[in-house]
Amino acid sequence: KELQPYSGRFDEVTLQKLEELAIAKAYAVEDEDYARAKELKLRIEALAKVGDRLALLERQKRTAVSEEDYDTAKSLKQQIDAIRMAYASRLAQAELAGARPIGRASCRGRG
């Protein structure tokens, strides 16, 4: 239910990560861990912004390919890859800094 606004808007990788975050947030709320729920809500919002940017770049890349503008397509692909790597790195840094990992396994033995 919570992910319905995102359906069809993002790629599968982004949707999967959003789903993991939403599940972890639901468990945090159920456990009355509201600080964790807030943290996860902010991560969902941040990922949605990243996902919007990626979706735009993906559309531009498809247009460039259809127009056989391969230099532009290559540049857009590099931008997409850089954004994905930067976001993955930010997640890893957050987890190293003490934020709990996301997903079912992080929710006190559930899953």
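**Basis**

Residues are numbered from 1 along each chain as its sequence is written. In this predicted model, local features need pLDDT of at least 70 and side-chain atom pairs count only at pLDDT 80 or more, while totals for chains, interfaces and linings use all residues; side-chain values use heavy atoms, without hydrogens and water.

**Helix H2**

Glu68, which follows H2, has a positive phi near 55°.

**Packing of H1 and H2**

Helix H1 (residues 12–30) packs with H2 at about 165°, the axes lying 8 Å apart (lines fitted to C-alpha atoms over the stretch in contact, with angles from 0 to 180 degrees between N-to-C directions). The two helices are therefore roughly antiparallel (over 145 degrees).

**Salt bridges**

The structure holds 8 salt bridges (a side-chain nitrogen of Lys or Arg within 4 Å of a carboxyl oxygen of Asp or Glu). One of them joins Arg9 and Asp52, with the closest N and O atoms 2.8 Å apart. This pair links distant parts of the chain, as Arg9 lies in the segment before H1 and Asp52 in H2, 43 residues apart.

Notes. Helix = DSSP H or I, 4+ residues; strand = E, 2+ residues; numbered from the N terminus. Parallel < 35°, antiparallel > 145°, perpendicular 65-115°, else oblique.
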